Amino acid sequence: ALEGIFALTNGTLESFSEQQIVDCSLISKGGPNMGCNGGQIGATMNWIGKNGGLCTETSYPYSSGSTKSSGKCTACKLVPGTAIKSHVDLQTTDSAMMSAIAQQPVSIAVEADQRAFQLYSSGVFTSDCGTNLDHAVLLVGYGTDSSSNQDYYILKNSWGTTWGNQGYMYIGRGPQYNGGKGQCGLLKIGRAHV
(Lines give C-alpha, C1' and ligand atoms only; values in the text may rest on other atoms or scores of the structure.)
Protein backbone atom coordinates (compact mmCIF):
# COMPACT_ATOMS: atom_id res chain seq x y z
CA ALA A 1 0.00 0.00 0.00
CA LEU A 2 2.86 2.35 0.83
CA GLU A 3 4.49 1.62 -2.54
CA GLY A 4 1.25 2.51 -4.31
CA ILE A 5 0.58 5.79 -2.53
CA PHE A 6 4.27 6.72 -2.84
CA ALA A 7 4.06 6.19 -6.63
CA LEU A 8 0.85 8.21 -6.86
CA THR A 9 2.38 11.04 -4.82
CA ASN A 10 5.91 11.08 -6.25
CA GLY A 11 5.54 9.60 -9.72
CA THR A 12 8.06 6.79 -9.14
CA LEU A 13 7.39 3.21 -8.15
CA GLU A 14 9.78 2.03 -5.45
CA SER A 15 9.99 -1.37 -3.80
CA PHE A 16 10.18 -0.99 -0.02
CA SER A 17 11.66 -3.48 2.41
CA GLU A 18 9.31 -6.10 3.83
CA GLN A 19 12.29 -7.61 5.63
CA GLN A 20 12.80 -4.41 7.60
CA ILE A 21 9.27 -4.79 8.97
CA VAL A 22 9.81 -8.49 9.72
CA ASP A 23 13.12 -7.84 11.53
CA CYS A 24 12.58 -4.48 13.20
CA SER A 25 8.90 -4.21 14.20
CA LEU A 26 8.98 -7.17 16.56
CA ILE A 27 7.13 -7.05 19.87
CA SER A 28 10.47 -7.77 21.58
CA LYS A 29 11.77 -4.50 20.06
CA GLY A 30 8.70 -2.47 21.07
CA GLY A 31 6.87 -3.01 17.78
CA PRO A 32 3.47 -4.60 17.05
CA ASN A 33 4.46 -7.73 15.13
CA MET A 34 5.69 -11.30 15.55
CA GLY A 35 8.12 -11.52 12.62
CA CYS A 36 7.29 -14.48 10.41
CA ASN A 37 4.46 -15.46 12.76
CA GLY A 38 2.15 -12.58 11.87
CA GLY A 39 1.27 -8.99 12.50
CA GLN A 40 -1.39 -6.32 12.22
CA ILE A 41 -2.01 -4.01 9.25
CA GLY A 42 -2.95 -0.83 11.13
CA ALA A 43 -0.34 -1.30 13.85
CA THR A 44 2.34 -1.83 11.19
CA MET A 45 1.31 1.38 9.44
CA ASN A 46 1.64 3.17 12.78
CA TRP A 47 5.07 1.58 13.30
CA ILE A 48 6.26 2.75 9.86
CA GLY A 49 5.22 6.28 10.82
CA LYS A 50 7.04 6.16 14.17
CA ASN A 51 10.08 4.61 12.49
CA GLY A 52 10.28 7.53 10.07
CA GLY A 53 9.53 5.37 7.03
CA LEU A 54 11.11 2.38 5.31
CA CYS A 55 14.24 1.56 3.37
CA THR A 56 14.26 0.23 -0.18
CA GLU A 57 14.08 -3.48 -0.90
CA THR A 58 17.51 -3.17 -2.55
CA SER A 59 19.15 -1.76 0.58
CA TYR A 60 17.38 -4.19 2.95
CA PRO A 61 16.56 -7.32 0.88
CA TYR A 62 13.98 -9.95 1.71
CA SER A 63 15.44 -13.13 3.21
CA SER A 64 12.72 -14.66 5.38
CA GLY A 65 11.32 -16.57 2.41
CA SER A 66 14.36 -18.81 2.45
CA THR A 67 15.37 -18.62 6.13
CA LYS A 68 11.76 -18.94 7.44
CA SER A 69 12.70 -16.64 10.34
CA SER A 70 13.31 -13.04 11.28
CA GLY A 71 16.80 -11.65 10.96
CA LYS A 72 18.76 -9.08 12.89
CA CYS A 73 17.37 -5.55 12.57
CA THR A 74 20.02 -3.55 10.74
CA ALA A 75 20.33 0.13 9.94
CA CYS A 76 19.57 1.40 6.46
CA LYS A 77 18.78 4.74 4.81
CA LEU A 78 15.07 5.57 5.08
CA VAL A 79 13.40 6.80 1.90
CA PRO A 80 12.13 10.38 2.35
CA GLY A 81 8.35 10.57 2.18
CA THR A 82 7.69 7.03 3.43
CA ALA A 83 6.71 7.86 7.01
CA ILE A 84 2.98 7.10 7.15
CA LYS A 85 1.26 10.09 8.75
CA SER A 86 -2.18 8.53 9.07
CA HIS A 87 -4.49 5.84 7.77
CA VAL A 88 -8.19 5.20 7.95
CA ASP A 89 -10.35 2.14 8.46
CA LEU A 90 -12.77 1.80 5.57
CA GLN A 91 -16.47 1.12 5.80
CA THR A 92 -17.12 -2.53 5.14
CA THR A 93 -19.14 -2.22 1.94
CA ASP A 94 -18.29 -2.85 -1.69
CA SER A 95 -19.15 0.73 -2.63
CA ALA A 96 -16.79 2.15 0.03
CA MET A 97 -14.03 -0.25 -0.99
CA MET A 98 -14.38 0.57 -4.69
CA SER A 99 -14.37 4.30 -3.91
CA ALA A 100 -11.15 3.91 -1.91
CA ILE A 101 -9.48 1.72 -4.57
CA ALA A 102 -10.29 4.35 -7.21
CA GLN A 103 -8.02 6.67 -5.20
CA GLN A 104 -5.20 4.30 -4.18
CA PRO A 105 -4.36 0.67 -3.33
CA VAL A 106 -5.99 -0.57 -0.12
CA SER A 107 -4.49 -2.95 2.46
CA ILE A 108 -6.86 -5.73 3.48
CA ALA A 109 -6.81 -9.14 5.13
CA VAL A 110 -8.28 -12.38 3.81
CA GLU A 111 -8.57 -15.99 4.83
CA ALA A 112 -5.87 -17.59 2.69
CA ASP A 113 -5.52 -20.99 4.37
CA GLN A 114 -7.98 -22.71 2.04
CA ARG A 115 -6.53 -25.01 -0.62
CA ALA A 116 -8.60 -23.44 -3.40
CA PHE A 117 -7.19 -19.99 -2.59
CA GLN A 118 -3.63 -21.29 -2.41
CA LEU A 119 -3.94 -23.09 -5.76
CA TYR A 120 -5.67 -20.22 -7.61
CA SER A 121 -4.34 -19.70 -11.13
CA SER A 122 -6.93 -17.86 -13.25
CA GLY A 123 -10.50 -16.62 -13.63
CA VAL A 124 -12.69 -15.00 -10.99
CA PHE A 125 -12.18 -16.77 -7.65
CA THR A 126 -15.62 -17.73 -6.32
CA SER A 127 -14.79 -20.98 -4.49
CA ASP A 128 -15.84 -21.42 -0.87
CA CYS A 129 -13.66 -19.30 1.35
CA GLY A 130 -14.19 -18.30 4.98
CA THR A 131 -13.66 -15.13 6.98
CA ASN A 132 -11.00 -16.18 9.51
CA LEU A 133 -8.48 -13.55 8.47
CA ASP A 134 -4.90 -14.81 8.37
CA HIS A 135 -3.11 -13.03 5.50
CA ALA A 136 -2.56 -9.39 4.50
CA VAL A 137 -2.85 -8.52 0.81
CA LEU A 138 -3.55 -5.48 -1.35
CA LEU A 139 -6.56 -4.56 -3.46
CA VAL A 140 -5.45 -2.58 -6.51
CA GLY A 141 -8.51 -2.48 -8.76
CA TYR A 142 -11.90 -3.91 -9.66
CA GLY A 143 -13.98 -4.78 -12.68
CA THR A 144 -16.38 -7.23 -14.30
CA ASP A 145 -15.33 -10.30 -16.28
CA SER A 146 -16.87 -10.01 -19.74
CA SER A 147 -17.13 -13.76 -20.34
CA SER A 148 -18.74 -14.76 -17.02
CA ASN A 149 -20.29 -11.39 -16.09
CA GLN A 150 -18.83 -11.83 -12.59
CA ASP A 151 -17.72 -8.79 -10.61
CA TYR A 152 -14.25 -8.93 -9.07
CA TYR A 153 -11.54 -7.10 -7.19
CA ILE A 154 -7.92 -7.32 -8.31
CA LEU A 155 -5.90 -8.68 -5.40
CA LYS A 156 -2.10 -8.41 -5.27
CA ASN A 157 -0.50 -11.14 -3.18
CA SER A 158 3.00 -11.35 -1.71
CA TRP A 159 3.65 -14.97 -2.75
CA GLY A 160 5.58 -14.08 -5.89
CA THR A 161 4.76 -14.20 -9.57
CA THR A 162 4.49 -17.99 -9.68
CA TRP A 163 1.26 -17.81 -7.62
CA GLY A 164 -2.06 -16.97 -9.25
CA ASN A 165 -1.98 -14.84 -12.36
CA GLN A 166 1.57 -13.44 -12.11
CA GLY A 167 1.04 -12.79 -8.37
CA TYR A 168 -2.50 -11.41 -8.75
CA MET A 169 -6.00 -12.80 -8.29
CA TYR A 170 -9.41 -11.78 -9.57
CA ILE A 171 -11.43 -12.34 -6.40
CA GLY A 172 -15.23 -12.29 -6.38
CA ARG A 173 -16.92 -8.99 -5.48
CA GLY A 174 -20.45 -8.49 -4.21
CA PRO A 175 -22.81 -8.91 -1.24
CA GLN A 176 -23.35 -12.63 -1.92
CA TYR A 177 -20.04 -13.61 -0.31
CA ASN A 178 -20.06 -14.60 3.36
CA GLY A 179 -23.13 -12.61 4.33
CA GLY A 180 -21.69 -9.33 3.03
CA LYS A 181 -18.23 -9.81 4.62
CA GLY A 182 -16.73 -10.27 1.19
CA GLN A 183 -15.05 -13.19 -0.54
CA CYS A 184 -12.51 -14.65 1.92
CA GLY A 185 -13.54 -11.91 4.38
CA LEU A 186 -11.98 -9.12 2.34
CA LEU A 187 -14.49 -6.52 3.57
CA LYS A 188 -13.80 -7.16 7.26
CA ILE A 189 -10.62 -5.02 7.35
CA GLY A 190 -9.61 -2.32 4.92
CA ARG A 191 -7.08 0.43 5.50
CA ALA A 192 -6.00 3.30 3.29
CA HIS A 193 -3.45 6.06 3.75
CA VAL A 194 -4.70 9.63 3.97
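# Disulfides and aromatic rings

Student: Why is cysteine 55 called buried?
Tutor: Cysteine 55 has a relative accessibility of 0%. Buried means under 20%. Cysteine 55 therefore counts as buried. Keep in mind that this is a predicted model.

Student: How do you know that cysteine 55 and cysteine 76 form a disulfide?
Tutor: Their sulfur atoms are 1.7 Å apart. The cut-off is within 2.5 Å, so the pair qualifies as a disulfide.

Student: What makes the disulfide of cysteine 55 and cysteine 76 right-handed?
Tutor: The torsion about its S-S bond is about 85°, so the disulfide is right-handed.

Student: Which parts of the chain does this pair tie together?
Tutor: Cysteine 55 lies in the loop between helix H3 (41-51) and H4. Cysteine 76 lies in the loop between H4 and E1. The pair therefore ties together parts that are 21 residues apart in sequence.

Student: Why is cysteine 76 called partly exposed?
Tutor: Its relative accessibility is 22%. Buried needs under 20%, and exposed needs over 50%. Cysteine 76 falls in between, so it counts as partly exposed.

Student: What makes cysteine 24 and cysteine 73 a disulfide?
Tutor: The S to S distance is 2.0 Å. That meets the limit of within 2.5 Å, so the two are joined. The pair links distant parts of the chain, 49 residues apart. Cysteine 24 is in helix H2 (residues 18-24), and cysteine 73 is in the loop between helix H4 (64-67) and strand E1 (87-89).

Student: Cysteine 24 or cysteine 73: which is buried, and which is partly exposed?
Tutor: Cysteine 24 has a relative accessible area of 9%, so it is buried. Cysteine 73 is at 31%, so it counts as partly exposed.

Student: How many disulfides are there by this rule?
Tutor: The count comes to three. One of them joins cysteine 129 to cysteine 184, at 2.0 Å from S to S. With 115° about the S-S bond, this link is right-handed. Cysteine 129 is buried at 8%, and cysteine 184 is buried at 0%.

Student: How do you know that cysteine 36 is in no disulfide?
Tutor: The nearest cysteine sulfur, that of cysteine 24, is 13 Å away. A disulfide needs sulfurs within 2.5 Å, so cysteine 36 is left out. Cysteine 36 is partly exposed, with a relative accessible area of 40%.

Student: Turn to the rings. Why is the pair of phenylalanine 117 and tryptophan 159 called edge-to-face?
Tutor: The ring centres are 5.9 Å apart. Pairing needs centres within 6.5 Å, so the rings pair. The planes stand at 90°. Over 60 degrees counts as edge-to-face, so that label applies.

Student: What makes tryptophan 159 and tryptophan 163 an edge-to-face pair?
Tutor: The centres are 5.6 Å apart and the planes are at 85°, so the pair is edge-to-face.

Student: Which residues form one aromatic cluster?
Tutor: The cluster is Phe117, Tyr120, Phe125, Trp159 and Trp163. Phenylalanine 117 is buried at 0%. Tryptophan 163 is buried at 6%. Tryptophan 159, at 33%, counts as partly exposed.

Student: How do you know that the charged end of arginine 173 sits over the ring of tyrosine 153?
Tutor: The charged end sits 5.9 Å from the ring centre.

Key: Residues numbered from 1 in each chain as written. Predicted model: local features only at pLDDT ≥ 70, side-chain atom pairs only at ≥ 80, totals over all residues. Heavy atoms only, no water. Helix = DSSP H or I, 4+ residues; strand = E, 2+ residues; numbered from the N terminus. Buried < 20%, exposed > 50% of the residue type's maximum accessible area, 1.4 Å probe, protein only. Phe/Tyr/Trp six-rings, centres within 6.5 Å; stacked < 30°, edge-to-face > 60°. Lys NZ or Arg CZ within 6 Å of the ring centre and 35° of its normal.
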